Amino acid sequence: MTDEFTTLLIEDDRYISNFVAVSLKKEGYKVTVAESADEGLFLFTSNHPDMVLLDLGLPDKDGLEVIREIRGFSGTPILVVSAREQEKEKIEALDLGADDYITKPFHMGELLARIRAVKRRLQQQLAPPSLSVFSCDYLTVDYEKRQVLVDGNEVHLTPMEYKLLLLMIANKGKVLTHNYIVKEVWGYSETGDTKTIRVFMANLRRKIEKNIAKPRFILTEIGVGYRFVDE
């Protein structure tokens, strides 16, 4: 991440893009604006921003496809800013690799808080610096290589799935509440909204558990949160 935090805003509504861009620039952010998916992908590959703010309703291509294309080669944080309110579409965006989702209309203060949370996540490491490798049964995590192995075979985790796994391992044996996980991994408190956590946890389990019906590592504490087994 550069000293000057750079943001790529992909939004075809000029009123919204101007409002957001001006607000971010007042906070010291460098902002580049794209009005279409293709323009946004071009600017992404040429400018290498620290973060992407993405609308889903773009004129030339659905924003979900933009997430899919970016995630094919980059882990840069993506914050979806969209008028789509249906849970199915929110889950699909997160499932494809979006880091966060905020629904229009939104308060600029909330958007700025989400962006600050992204900055903190980029600057922090959840894994204890004293550890280089974690191993439990058939799961191995190499912190230095940022590599996750299941039975010796590497599995690909998205940046958020990896952060979530590190948080669970760092607190193995402890029950982590939904709100605690949101605060530590996403950087903000959103009481009562557990949909995002469920999506990421389900994806993580599919990748590291041999039997998701009987998880070996991450256990669900019904109505409370999750716990990583402690041996």
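Which side chain does a polar contact of 3.0 Å join to that of D100? Select D100 and R114: their side chains are joined by that contact (a polar contact is a pair of N or O atoms within 3.5 Å; within protein, one must be able to donate a hydrogen and the other to accept it, and residues adjacent in sequence count only if both atoms are side-chain atoms). D100 is in strand β5, residues 100-103. Helices (H or I, at least four residues) and strands (E, at least two) are DSSP runs, numbered from the N terminus. D100 counts as buried because its relative accessibility is 4%; buried means under 20% relative accessible area, exposed over 50%, and partly exposed in between, with a 1.4 Å probe and protein chains only.

Before going on, note that this is a predicted model, in which local features need pLDDT of at least 70 and side-chain atom pairs count only at pLDDT 80 or more, while totals for chains, interfaces and linings use all residues. Residues are numbered from 1 along each chain as its sequence is written, and side-chain values use heavy atoms, with hydrogens and water left out.

**Helix α1**

Select residues 14-26, which form helix α1. At 1.5 Å a residue, its 13 residues should span 18 Å, and the end C-alpha atoms are 18 Å apart, which agrees; the expected span is 1.5 Å times one less than the number of residues. Now colour I16, S17, V20, A21, S23 and L24, the buried residues of α1. They cover an arc of only 165° around the axis, so they lie on the same side of α1; the arc is that of the directions from the helix axis to the C-beta atoms. R14, Y15, K25 and K26 are exposed, on the face turned away from the buried side. At the N-terminal end, D13 caps α1, with a side-chain oxygen 3.0 Å from the backbone nitrogen of Y15. After α1 comes G28, with a positive phi near 95°.

**Helix α3**

Next, select residues 63-71, helix α3, and pick out its buried residues G63, L64, V66, I67, I70 and R71. Their arc around the axis is only 155°, which puts them on the same side of α3. Among the elements covering them are β1 (6-10), α2 (37-47) and β4 (78-82). At the start of α3, a side-chain oxygen of D62 comes within 2.8 Å of the backbone nitrogen of L64.

**The cores**

Where does the largest nonpolar core have its most connected residues? Select I181 and F228, which have the most contacts inside this core of 55 residues. A nonpolar core is a set of buried Ala, Val, Leu, Ile, Met, Phe, Trp, Tyr and Cys residues joined through side-chain atoms within 4.5 Å. Helix α6 (residues 159-170) gives the largest share of this core, eight residues. A second, separate core has 19 residues, including V20, I102, F106 and V118.

**The hairpin**

Strands β11 (residues 218-221) and β12 (residues 225-228) run antiparallel and are joined by four bridges; two strands pair if DSSP finds at least two bridges between them. L219 stands opposite R227. The two strands form a hairpin with three residues between them, and G223 in the turn has a positive phi of about 80°.

**Backbone stops**

Most residues other than glycine have a negative phi, and most peptide bonds are trans. Select K104 and P105: the peptide bond between them is cis, with omega near -10°. R146 has a positive phi near 55° and sits in the loop between β7 (139-142) and β8 (147-150).

Terms used:
Contact = heavy atoms within 4.5 Å.
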